[in-house]
Amino acid sequence: MENQFRKGGVLNIRDVSLSDIPQITEILNHYIIHDSCTFQIEPYSVAKISEKIAEITKVYPYIVMEEDNEVIGFAYASRWREKQAYDKSAETTIYLNPQQKHKGLGKILYQELIEQLREKNFRLLVACLTLPNPPSVRLHESLGFEKAGEFKDAGYKFNRWYNVGFWQKVLK
């Protein structure tokens, strides 16, 4: 992971640290309250996010993108299914500060997550997307994910039903 320069500051991608948790919580809670991309309904506490990160980082990468020491996005992998035969499969997740969307930063962050998963010998990456969501579909497909399936009316939020689609990427 190396620093990248852009107008306005220096981008850095690094492993998550405890000091990042309040900013991660703020970013995630924005989406919980305002967006259907997550089916979480109740906002998270800093303590709950801290617990989740501690559990995830026992096995999977959890990285942040920062600009001038401010977390502007995060990405991580987590267990996809419980049975042991799925141990080399992982579900991927990425969130950016809403003001940082549609600038190409998500792709940079996601590429780093994919590379770390490749280095850890993961084989299958699975992404679950609330549909419709053209920007997220474009991001995943630009990174080599392929649509594997879709479930109709899988989640209910903001007084409406949403479909979810699953995209997969096999690492070789």
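Modeller: In this predicted model, helices and strands are DSSP runs, numbered from the N terminus, a helix having at least four residues and a strand at least two.

Colleague: In which loop is the place of Asp 68?
Modeller: Asp 68 is not a glycine, yet it has a positive phi of about 50 degrees. Strand 3 covers residues 62-67 and strand 4 covers 70-79. Asp 68 is placed in the loop between strand 3 and strand 4.

Colleague: In which strand is the place of Asp 153?
Modeller: Asp 153 has a positive phi of about 50 degrees although it is not a glycine. Its relative accessible area is 47%, and it is therefore partly exposed. The element that holds Asp 153 spans residues 146-157 and is strand 7.

Colleague: Is the peptide bond from Leu 131 to Pro 132 cis or trans?
Modeller: Pro 132 belongs to the loop that lies between strand 6 (124-131) and helix 4. For the bond that joins Leu 131 to Pro 132, omega is near 5 degrees. This peptide bond is cis.

Colleague: Are helix 1 and helix 2 roughly parallel or roughly perpendicular to each other?
Modeller: Two packed helices are described by the angle between their axes and the distance between the axes. The axes of helix 1 (residues 21-34) and helix 2 (residues 46-56) come within 9 Å and cross at roughly 105 degrees. Angles of 65 to 115 degrees count as roughly perpendicular. Helix 1 and helix 2 are therefore roughly perpendicular.

Colleague: Is helix 3 oblique or parallel to helix 4?
Modeller: Helix 3 comprises residues 105-119 and helix 4 comprises residues 134-142. Their axes come within 10 Å and cross at roughly 45 degrees. That angle makes helix 3, relative to helix 4, oblique.

Colleague: Is the crossing in which helix 3 passes helix 4 left-handed or right-handed?
Modeller: On the side of helix 3, the residues that meet the other helix are Gly 106, Lys 107 and Tyr 110, and on the side of helix 4 they are Leu 139, His 140 and Ser 142. By class, this contact has two nonpolar, three polar and one charged residues. The crossing of helix 3 with helix 4 is right-handed.

Colleague: Does Leu 109 count as buried or exposed?
Modeller: Leu 109 has its place in helix 3. Leaving aside neighbours within four places in sequence, Leu 109 is in contact with several residues, including Ile 13, Val 64, Phe 74 and Ile 94. The relative accessibility of Leu 109 is 0%, so it counts as buried.

Colleague: How far apart in space are Leu 113 and Thr 92, C-alpha to C-alpha?
Modeller: Leu 113 lies in helix 3, and at 0% relative accessibility it counts as buried. Not counting residues up to four places away in sequence, Leu 113 touches Pro 61, Ile 63, Ala 75, Tyr 76, Ala 77, Thr 92 and Thr 93. Leu 113 and Thr 92 are 21 residues apart in sequence, and the C-alpha to C-alpha distance is 8.4 Å.

Colleague: Which residues does Tyr 86 touch, not counting residues up to four places away in sequence?
Modeller: Tyr 86 is in the loop between strand 4 and strand 5 (89-96). At 28% relative accessibility, Tyr 86 counts as partly exposed. Leu 124 is 38 residues away in sequence and 8.9 Å away in space, C-alpha to C-alpha. Beyond four places in sequence, the residues that Tyr 86 touches are Trp 80 and Arg 81.

Colleague: To how many disulfides does the count come?
Modeller: A disulfide is a covalent bond between the sulfur atoms of two cysteines, and the cut-off used here is 2.5 Å. The sulfur of Cys 37 has its closest cysteine sulfur in Cys 128, at 11 Å, which is too far for a bond. Cys 37 is partly exposed at 25% relative accessibility, and Cys 128 is partly exposed at 31%. By the distance rule, the number of disulfides is zero.

Definitions and conventions:
Residues numbered from 1 in each chain as written. Predicted model: local features only at pLDDT ≥ 70, side-chain atom pairs only at ≥ 80, totals over all residues. Heavy atoms only, no water. Axes fitted to C-alpha atoms, helices over the stretch in contact; angles between N-to-C directions. Parallel < 35°, antiparallel > 145°, perpendicular 65-115°, else oblique. Left-handed = near helix turned anticlockwise from the far one by under 90°. Contact = heavy atoms within 4.5 Å. Nonpolar A, V, L, I, M, F, W, Y, C, P; charged D, E, K, R; others polar. Buried < 20%, exposed > 50% of the residue type's maximum accessible area, 1.4 Å probe, protein only.
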